[in-house]
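Biologist: I am new to this structure and would like a guided look at it. Could we go through it together?

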Amino acid sequence: MSKSTTRRKSIFLFGVGFLLLFITSLVHISQGQAGYSVMTLLTEVWTNGRVQDVVLGLRLPRVVIGILAGGALAVAGVLLQTITKNPLASASTLGMNAGAHLFVISALIFMPGTLGQFPFLVAFLGAACASLLVMMLVGKAMEPVRVALTGMVVALLFSSITGSLQLIFENETNGLFLWGSGTLVQLDWSGVQFAVGFILAGVGIALLNAKSLDVLTLGEDIATSLGQPVQRVKAFAWISAILLAATTVSVVGPIGFVGLIAPHLVRMMGIKGHQPLIIHSFLWGAILLITADVLARWIQPGQEIPVGAMTALIGGPWLMYLAYKTGKKHSRRQTKLGGHTVSMPYPLLLMAGAMVAVIVTALSVSYGAGSFFSWNDWLNQAYLSPFVWEFRVPRILTAFVVGMLLAMCGVLLQGVLRNPLADPTVLGITSGGGAGAMIFLVLFPAASIQFLPFAAMIGAAVSIGIILLVTWRSNWEPILLALMGVAVSAVGSAIIQIMVVKAKMGVAPALAWLAGSTYAKSWSHLQIVLVVALITIPLGWFLSRKLDLLSFGDDVSTGLGMNVGQTRILAIMLGVAMGAASVSIVGTIGFIGLLAPHAVRRLVGVEHRRLIPLSLLLGGILLVAADFVGRYILAPKEIPAGLVVAVLGTPYILYLLRKT
């Protein structure tokens, strides 16, 4: 194709995109609580009055900030994908958005004056810290799927800390739930005035660097031999990307996936060369974000659905598609679960585990209202008081049983998939179950809570079904499976956020449920999880010998007469039932299914009949301990147990990623 043809095609596509942006912007401006038609707005906006005030004061700033933010995120995506040679790179998949969000919230709580004076600097430092952390963890190889997965886990860590801060300092962060999920709401032009300079500067630097980026795509060695200062070019590109991401977070909150989708859309249109790529990506990023906001306002007129949730809803499947394409290029590896044995006899380990469980449970029961039982209280049998038995005991026992279910779920999934990263959270079961439960609550508000576990199970089954189907051809390669799980989790989390808004849940209860909380669990909750545990755990134990055989590979297992497919499906169904039942009772608590089996495998090896009992004990201990820490550390305020587990568990996942 000649240069003139390419240029004409580029101009034509730009014209089409510009027309599309104009139409979506008009539709966007016509949306709102005051139901004006497009014609009314166009005719009456020129005269003083209510229509002019609404358009110029509220709706137009929202459209303009949407165009700027969408364009900025898309250009940041182009730069990151080029300098990391990674098709999965963007401000959200590298953790920049989450880093900027955490720093803004932290500054708002601890240094409100600094945030007021230097909001951009605070967000910039957060995005830069997240980028540096991801780069340090993945090393120089910059393997695409690993970079994206590590970035998302770092984002998860930062989001968990942010969620904890929002719950602990509820008054200071009140009103930031929408912003924290990404929203284009603007009350005047101040946001636009603040962002426009930084965004134009970032895009300008990117355009000036475009020719050098073209040379860089030939490879660093060739670029160096052609006399290009590679490190300087990459440094400018990093600074531009962080500048653009930090600016958008400062004004509209963390909005993901736009920077991932827009550059790929533009490349699929046949646009080549960084200069036209940056210009077209800005345009299509703006179209994507404005369209997402139009859809959000169309789904729930009169209420604000976070546009970040809408972009995640659209971007999750896109990430799955890109991850699948990228994952197919990976070399196949023989995955082993690994394990060690210690010299201590197994019965002794089991007794030690049981004793720790009793001690942690007793400690948790004895704590309440800011103090522990004294010796006199124990001697006077204070633990038999109606208050303790009505509030503390069912809560702690429910936490213990849920911890057991999550640990057993992890044992089954890791064993059947031979995947050390398999876990209800990483595989999307937790968020899928949460989405199922939330959809049920919204659609059937008067229905009995007894049906909630079934709705969660359907949501979890759909999630794991999609992941297994997509990764089937790779024989469930661990990293690819985990990345698919993260993508499905993003979609599930987006659905939960939208349902939270539709159900009109208060901010604090919504945050607590999303984080996973054992607060106010009663005997009826305990009965539900106990029934699930009594049915599923023995069935899981029954499968333990077959799981041992599966560790030798499908061919060996089939040769020994085992029906591999039947065993795999049964184990996954059991895992889904356990994960979903847990989510329906305590919300989205994660990582216990990953932590408990791994830790126990380092003590007793990979034999499942030795692994299961200790994993059950450790899972229960972990959740009861997390619940206790959440109640104790900032008493009388409570941190949800799910956040405690996430903050402590994420570093362990990052450690596993480096080893996998």
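Modeller: We shall discuss salt bridges, then cysteines, then a surface patch. This is a predicted model, in which local features need pLDDT of at least 70, side-chain atom pairs count only at pLDDT 80 or more, and totals for chains, interfaces and linings use all residues. Residues are numbered from 1 along each chain as its sequence is written, and side-chain values use heavy atoms, with hydrogens and water left out.

Biologist: How many salt bridges does a search of the whole structure find?

Modeller: The search finds five. A salt bridge here is a side-chain nitrogen of Lys or Arg within 4 Å of a carboxyl oxygen of Asp or Glu.

Biologist: Which residue pairs with Arg62?

Modeller: Arg62 pairs with Asp293, and their closest N and O atoms are 2.9 Å apart. Arg62 belongs to helix H3 (residues 50-83) and Asp293 to helix H14 (residues 274-299), so this bridge ties together parts that are 231 residues apart in sequence. Helices are DSSP runs (H or I, at least four residues), numbered from the N terminus.

Biologist: Is Arg62 buried or exposed?

Modeller: Arg62 is buried at 5% relative accessibility, and Asp293 is buried at 1%. Buried means under 20% relative accessible area, exposed over 50%, and partly exposed in between (1.4 Å probe, protein chains only).

Biologist: What about Arg545 and Asp548, how far apart are their closest N and O atoms?

Modeller: In that salt bridge the distance is 3.9 Å. Both residues lie in helix H24 (residues 544-550), three residues apart, about one helical turn. Arg545 is partly exposed at 45%, whereas Asp548 is buried at 13%.

Biologist: Where do Asp627 and Arg631 lie?

Modeller: Both are in helix H28, four residues apart. Through shared partners, salt bridges join Arg395, Asp627 and Arg631 into one network.

Biologist: Changing topic, how many disulfides does the structure hold?

Modeller: It holds zero disulfides, a disulfide being a pair of cysteine sulfur atoms within 2.5 Å. As for individual cysteines, Cys129 is partly exposed at 36% relative accessibility, while Cys409 is buried at 0%.

Biologist: Finally, which residues form the nonpolar patch on the surface?

Modeller: Leu363, Phe372, Val629, Tyr632, Ile633 and Leu634 form it, with about 510 Å² of accessible area together. Patch members have over 30% relative accessible area and no salt bridge; like charges are joined within 9 Å, and nonpolar side chains (Val, Leu, Ile, Met, Phe, Trp, Tyr) within 5 Å. Accessible areas come from the Shrake-Rupley method with a 1.4 Å probe, and for residues only the protein chains shown count as cover.

Biologist: And where is Ile633?

Modeller: Ile633 sits in the loop between helix H28 (608-632) and helix H29 (641-659). Ile633 is exposed, at 52% relative accessible area.

Conventions: Helix = DSSP H or I, 4+ residues; strand = E, 2+ residues; numbered from the N terminus.
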